[in-house]
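Please open the structure in your viewer and keep the selection tool at hand. The tour below goes from one selection to the next and says what is there.

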Amino acid sequence: MKQPLVSVILTTKNNEDIIERCITSILEQSYKNIELIVVDNFSTDRTQEISKKYTYKMFSHGPERSAQRNLGARQAQGDYFFFIDSDMELHKDVVKDCVENIKGHVAVVVPEHFVGEGFWTQCKTLEKTAYTGTDDGIAARFFPRKVFFDLRGYDEELTGPEDIDMHKRVVKLGAVQRGSVFITHYDGRLTLPQIVKKRYYYSRTLPIYMRKHREESKREFRFFRKAFFQNWRVLARDPIHLIGLFVMRFFEGIAVVLALLRYR
């Protein structure tokens, strides 16, 4: 029996230093019936040049990731869509695991292992690790073609919370499965100002998201997330970065409030 085709849709922007690592991990999957689609947001470095070495399906589109992903889906031929960011590296069995887990489900959440350098990156990594296995901060990445188009893809009015928005909409259609094979997510070396600036940028469209998910968003923006209590042992093992985590979340909270005041 022929394997179903999986379209791996990779979004990029000025990622010449990391794009090849990501693409290589996609092309070296144990599951072979894959097409690679790269949608670049008008990079000014060598990202497009490098991508074209590996696929003829390389497109330029923007202005943000939601629009890039939707364009990639429209160009895709696959039975399934798998959405990847350029700062990721896939274990060789990730796609195989997703295809096996999608049976009887409307989407698959792929677990992520976060890697980075420096104090503030470790604080952010600790936070993301605390969400593992919980319902906080998760978003499906793997969808059947029909499900994706039934949902009309990612909301292009959202930048930042588009992943969570998509996940909330897909769970209303049916059961979402969790995969067992990890993606490695590289956070690089972050500074506190970079983290806060990024939070402010991604919070510009939060008013739209909050109107769509009024009740859920009340819980999501609490300082102490439910996952922190569920995975308190994970946090307790790293008290130094735990302190940094709460300092980071304090300043991120200020960024969110400022963005909501400006863009409401």
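At what angle do helix α5 and helix α13 pack, and how far apart are their axes? Before selecting them, note that this is a predicted model, in which local features need pLDDT of at least 70 and side-chain atom pairs count only at pLDDT 80 or more, while totals for chains, interfaces and linings use all residues. Residues are numbered from 1 along each chain as its sequence is written, and side-chain values use heavy atoms, with hydrogens and water left out.

**First stop: two helices**

Select residues 119-130 for α5 and residues 239-263 for α13: they pack at an angle of about 85 degrees, and their axes are 8 Å apart. Axes here are lines fitted to C-alpha atoms, for helices over the stretch in contact, and angles run from 0 to 180 degrees between N-to-C directions. Helices (H or I, at least four residues) and strands (E, at least two) are DSSP runs, numbered from the N terminus. The two helices α5 and α13 are therefore roughly perpendicular to each other, a term that covers angles of 65 to 115 degrees.

Next, colour the residues that make the contact (heavy atoms within 4.5 Å); among them are F119, W120 and L126 of α5 and L242, V247 and M248 of α13. By class, the contact of α5 with α13 has nine nonpolar, three polar and four charged residues, where Ala, Val, Leu, Ile, Met, Phe, Trp, Tyr, Cys and Pro count as nonpolar, Asp, Glu, Lys and Arg as charged, and the others, Gly among them, as polar.

**Second stop: a loop residue**

Select N231, which lies in the loop between α11 (226-230) and α12 (232-236). Is N231 buried or exposed? With 17% relative accessibility, N231 counts as buried, meaning under 20% relative accessible area, calculated with a 1.4 Å probe and protein chains only. Its side chain reaches the backbone oxygen of A130 at 2.5 Å, and N231 touches T129, A130, Y131, T132 and T134, if residues up to four places away in sequence are not counted.

Now select β5 (residues 88-90) and β10 (residues 183-189), which pair in the antiparallel sense over three bridges; two strands pair if DSSP finds at least two bridges between them. Look for L90, whose bridge partner in β10 is I183. Together the three strands form an open sheet in the order β5-β10-β7, with mixed pairing, and the edge strands are β5 and β7, each pairing on one side only.

**Last stop: an enclosed strand**

Finally, select β4 (residues 80-85), where six of the six residues are buried, so that the strand is largely enclosed by the rest of the structure. Y80, F82 and I84 are buried on one side, and F81, F83 and D85 on the other. Strand β1 (residues 6-12) runs parallel to β4 and is joined to it by six bridges, and L10 stands opposite I84. Strand β8 (residues 142-144) runs antiparallel to β4, with three bridges, and P144 is the bridge partner of Y80.

Note on methods. Angles under 35 degrees count as roughly parallel, over 145 as roughly antiparallel, 65 to 115 as roughly perpendicular and the rest as oblique. Buried means under 20% relative accessible area, exposed over 50%, partly exposed in between (1.4 Å probe, protein chains only). A polar contact is a pair of N or O atoms within 3.5 Å; within protein, one must be able to donate a hydrogen and the other to accept it, and residues adjacent in sequence count only if both atoms are side-chain atoms.
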